[in-house]
Amino acid sequence: MQLRRNVLTRRTAAALLLGLTVAGCASQPAADRPAPAAFNATDTAWIQLMIPMDERASLLIDLTPTRAGRPALAGWAEEAGRRLKNELVDLRELLEASGVPDSRPHEGHNMPDMVTLDTVRRAKTVTGESFDRLFTESLRAHLVQVRMLCASERTSGSAQRAKDLATVIERSVAQQITRLDALPMTAAGAGHHRLGGSGPVPRRPARI
């Protein structure tokens, strides 16, 4: 049953990227600067979806220093925030390399498992256990969706640079999910599992 669920969710992620491409949700290259042939519609749809997903997740992560109840969760969030900043730099560089203008086609959209602005607003009103629960549920859903989208990009994308980044992000996300799931459930047990900054942040892939 678990295998079947994984297959279905991966197909869902692939269908999402395909749907965005067919529906024209992914922006087209500027008329005076066509996208290099190495980038196909899946590549650009993936890049333009990943950027707002990571930006939304960053909004929630930025709240943890003053609202998290568990020190271990705050430590995990600190590391996750550094990873997101690196990802966003690479994704924006890829978008520029693709020749597609930064037209923000998903501005204001709530894509599947994206951290919503409503979630961020609610997170600003709670602290301690309530914040931890909201944060963990939202970020875990975000990470699972990103992992599936990256797997779909590796399968259906064309640009090797984009596929390489998807591989790096997918591996990083898998590690983050494992660490998030291993965190103690209460502040009392946090001292035994403190993650704060543990482990090196994966290096960004060399620019091409």
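What share of the contacts in the protein with a separation of 6 or more is accounted for by residues 24 or more positions apart? In this predicted model, such residues account for 83% of those contacts. The secondary structure comprises 7 helices and 0 strands, and the pattern read along the sequence is α-α-α-α-α-α-α. The protein has 208 residues, of which 44% count as buried.

Two packed helices are described by the angle between their axes and the distance between the axes. Helix H2 (residues 41-61) packs with H6 at an angle of about 165°, and the two axes are 11 Å apart. This angle makes H2 roughly antiparallel to H6, given that angles over 145 degrees count as roughly antiparallel. The crossing of these two helices is left-handed. On the H2 side, the contact is made by Thr-42, Asp-43, Trp-46, Leu-49, Met-50, Met-53, Asp-54, Ala-57, Leu-60 and Ile-61. H6 contributes Phe-131, Phe-135, Ser-138, Leu-139, His-142, Gln-145, Val-146, Leu-149, Cys-150, Glu-153 and Ser-156. Divided by class, the contact of H2 with H6 has 13 nonpolar, 5 polar and 3 charged residues.

The axes of H4 and H6 cross at roughly 35° and come within 12 Å. Here too the crossing is left-handed. Leu-73, Trp-76, Ala-77 and Leu-84 of H4 make this contact with Asp-132, Phe-135, Thr-136, Leu-139, His-142 and Leu-143 of H6. The residues of the contact of H4 with H6 comprise 7 nonpolar, 2 polar and 1 charged. Phe-135, Leu-139 and His-142 are among the H6 residues in the contact with H2, and these residues also take part in the contact with H4.

Aromatic rings were considered next. A pair of aromatic rings is described by the distance of the centres and the angle of the planes. A search of the whole structure finds 2 aromatic pairs. One of them joins Trp-76 and Phe-135, with 6.0 Å from centre to centre and 85° between the planes, an edge-to-face arrangement. Trp-76 and Phe-135 are both buried. In the pair of Phe-131 and Phe-135, the ring centres are 5.7 Å apart and the planes lie at 25°, so the pair is stacked. Phe-131 and Phe-135 are both located in helix H6, at a spacing of 4 residues, about one turn of the helix. The relative accessible area of Phe-131 is 0%, and this residue is therefore buried; Phe-135 is likewise buried, with a value of 0%. Trp-76, Phe-131 and Phe-135 are linked by ring pairs into a cluster. Of these residues, Phe-131 and Phe-135 belong to the contact of H6 with H2, whereas Trp-76 and Phe-135 belong to the contact of H4 with H6.

Three positions in helix H7 (residues 160-182) were then inspected, namely Ala-162, Ala-174 and Gln-176. Ala-162 is buried, with a relative accessible area of 0%. With its neighbours within four places in sequence left aside, Ala-162 is in contact with Asp-43, Trp-46, Leu-94 and Glu-153. Among these partners, Asp-43 and Trp-46 of H2 and Glu-153 of H6 are also part of the contact between H2 and H6. Ala-162 is 123 residues from Phe-39 along the chain, and their C-alpha atoms are separated by 8.2 Å.

Gln-176 is buried, with a relative accessible area of 6%. Apart from its neighbours within four places in sequence, Gln-176 is in contact with Trp-76, Ala-80, Arg-83 and Leu-143. Ala-174, in contrast, is partly exposed, with a relative accessible area of 28%. Ala-174 and Arg-147 are 27 residues apart in sequence, and the distance between them in space is 7.2 Å, C-alpha to C-alpha.

Definitions and conventions
Residues are numbered from 1 along each chain as its sequence is written. This is a predicted model: local features need pLDDT of at least 70, side-chain atom pairs count only at pLDDT 80 or more; totals for chains, interfaces and linings use all residues. Side-chain values use heavy atoms; hydrogens and water are left out. Rings of Phe, Tyr and Trp (its six-membered ring) pair if their centres lie within 6.5 Å; planes under 30 degrees apart count as stacked, over 60 as edge-to-face and the rest as tilted. Buried means under 20% relative accessible area, exposed over 50%, partly exposed in between (1.4 Å probe, protein chains only). Contact means heavy atoms within 4.5 Å. Axes are lines fitted to C-alpha atoms, for helices over the stretch in contact, and angles run from 0 to 180 degrees between N-to-C directions. Angles under 35 degrees count as roughly parallel, over 145 as roughly antiparallel, 65 to 115 as roughly perpendicular and the rest as oblique. A crossing is left-handed if the near helix is turned anticlockwise from the far one by less than a right angle, and right-handed if clockwise. Ala, Val, Leu, Ile, Met, Phe, Trp, Tyr, Cys and Pro count as nonpolar, Asp, Glu, Lys and Arg as charged, and the others, Gly among them, as polar.
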